Each structure stands twice: as structure tokens, then as C-alpha cells.
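Here are my notes on the model you sent over. Have it open while you read, and go through the points in order.

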Amino acid sequence: MRAAEPMTERRRPEESAPVVAVVAGSRSDSKLIDEAARTLSEFDVPCEKRIISAHRTPEQALEFARGARDRGLKVIIAIAGKAAHLAGVISSATTLPVIGVPAKTSDLGGLDSLLSTVQMPSGVPVAAVGIGSAENAALLAVAVLALSDESLASRWRDYKAKLAESVQADDLAVKRGD
Ligand code: RP5
């Protein structure tokens, strides 16, 4: 679903410093990276896209997490599949909120990614969305950012109102027998 109509003075995401990082463990997660970035851009939320692996480039994962807040990032979306430890490793080294997206896998359907992402030890939280739900991860990031950005909050409310309207329209259509 498209975000609410743009404000008269649009922020240009590509020209602003990123406030959300969309990080994935592999190029094979590109579809989910693009989905998250597209949703953020519909709300004019500037983001950066990265490939960092908890297992193949562990030093970079920690370095990224440790520097994220000082670089102005506010929310991190971490996408990974299989033994999906990226969100947890990033959360271990930052105080920023981390949203994990478990990627669907060919062998276990993403259940492996889901459990690896969500079953964090106490004290190291990851807010996990559903398997492959990169759009929801971006919307959750919007909801977090909207807590301290009234114009974003207004667009987020508009989005939800339009979502409700579309369900009500479907309800009417079904009742009419369309
Ligand atoms: C994870 O393993 C990635 O996030 C990806 O979802 C999965 C498979 O990665 P590749 O072997 O395709 O690079 O690290």
C-alpha cells in the first residue's frame, strides 16, 4: 500500500543523512532490502543499505553496530536467513532499536531464520517481524520515528486510515455481492 500523500515540502531521502539502516547478511537478501527501502522512501525516511554478515564479516558487524548511533542512525533493520544472527549481533553492540527480518529459506521455509532472530537472551532485545516481512519492518521503523516527528506521525496516521478504508470498501463490496 502506498504511503499517505506527500507533504508540500517533501524531504528528499537521497539528500538527507540516513536515520534508518537496512542491513542484510547477503546479496541473496536483496529483494527484502529493496522492499524495506522502498517503503521507507514512501514516507521520505532516508535510509542506508548495507550487506554485513554476522558470520562472514563479524568484525564489520560489530564496528557498524558500535558506530551506528554516533552516525545519526535511529533504527536498524537487520535482514538475515538460516542461522540468522545478524539482528542479535547488532543489538549486542548498540543501544538503538533493532528490527529483525527473518528471510524465507529453501530448506526450512524461514522457520530457522525466525527462531534464530527472535529467540534472544534477556537484555538483548530484537523486535522481530514475520518471515519475509520487510515492509512491516519498515513500517515499524516509521512508527518508532513518528514518536518524535509530528509530520511523520501525521502521515503514519493517514496510512493507517487508508488501510482501514480499503478494508471497509472490501466489506461493503462483499456485502453487496460484488
Ligand atoms: C544469511 O544466510 C543471509 O542472510 C542469507 O539469507 C542466507 C544465505 O546466504 P547466502 O549463502 O545466499 O549468501 O547469511
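1. Let's start with one residue. Leu 114 sits in helix H4, which covers residues 111-118. Keep in mind that this is a predicted model.

2. Is Leu 114 buried, partly exposed or exposed? Its relative accessible area comes out at 24%. Buried would need a value under 20%, and exposed one over 50%, so Leu 114 goes down as partly exposed.

3. Which residues does Leu 114 touch, once its neighbours within four places in sequence are set aside? The contacts are with Pro 102, Val 129 and Ile 131. As for Ile 76, 38 residues away from Leu 114 in sequence, the C-alpha to C-alpha distance between the two is 17 Å.

4. Now zoom out to the fold. You'll count 6 helices and 5 strands in the protein. Reading from the N terminus, the order is β-α-β-α-β-α-β-α-β-α-α.

5. What about the overall dimensions? For 178 residues, a compact globule would have a radius of gyration near 16 Å, and the protein has 17 Å, so the value agrees with that expectation. Taken along the principal axes, the box filled by the C-alpha atoms is roughly 55 × 40 × 30 Å.

6. On the contact side, take the pairs with a separation of 6 or more: 69% of those contacts join residues 24 or more positions apart. As for burial, 42% of the 178 residues count as buried.

7. In soluble globular proteins, nonpolar side chains tend to be buried together. Here, the largest nonpolar core has 29 residues. Those with the most contacts inside this core are Val 20, Val 22, Leu 40, Phe 43, Val 45, Ile 77 and Ile 79.

8. Which elements give two or more residues to this core? On the strand side they are E1 (20-24), E3 (75-80) and E4 (98-102); on the helix side, H1 (30-42), H5 (134-146) and H6 (150-176). H5 supplies the largest share, with 8 residues.

9. Apart from it lies another one, of 20 residues, whose members include Ala 65, Ala 68, Ala 78 and Ala 93.

10. Last, the surface and the charges. The protein exposes about 9800 Å², and 53% of that is supplied by carbon and sulfur atoms. There are 22 positive and 23 negative side chains, and the centres of these two sets lie 2 Å apart.

Methods: Residues are numbered from 1 along each chain as its sequence is written. This is a predicted model: local features need pLDDT of at least 70, side-chain atom pairs count only at pLDDT 80 or more; totals for chains, interfaces and linings use all residues. Side-chain values use heavy atoms; hydrogens and water are left out. Helices (H or I, at least four residues) and strands (E, at least two) are DSSP runs, numbered from the N terminus. The radius of gyration is taken over C-alpha atoms; the globule rule is 2.2 Å times the number of residues to the power 0.38. Buried means under 20% relative accessible area, exposed over 50%, partly exposed in between (1.4 Å probe, protein chains only). Contact means heavy atoms within 4.5 Å. Accessible areas come from the Shrake-Rupley method with a 1.4 Å probe; for residues, only the protein chains shown count as cover. Lys and Arg count as positive and Asp and Glu as negative; His and the chain ends are not counted. The place of a charge is taken as NZ of Lys, CZ of Arg, CG of Asp or CD of Glu. A nonpolar core is a set of buried Ala, Val, Leu, Ile, Met, Phe, Trp, Tyr and Cys residues joined through side-chain atoms within 4.5 Å.
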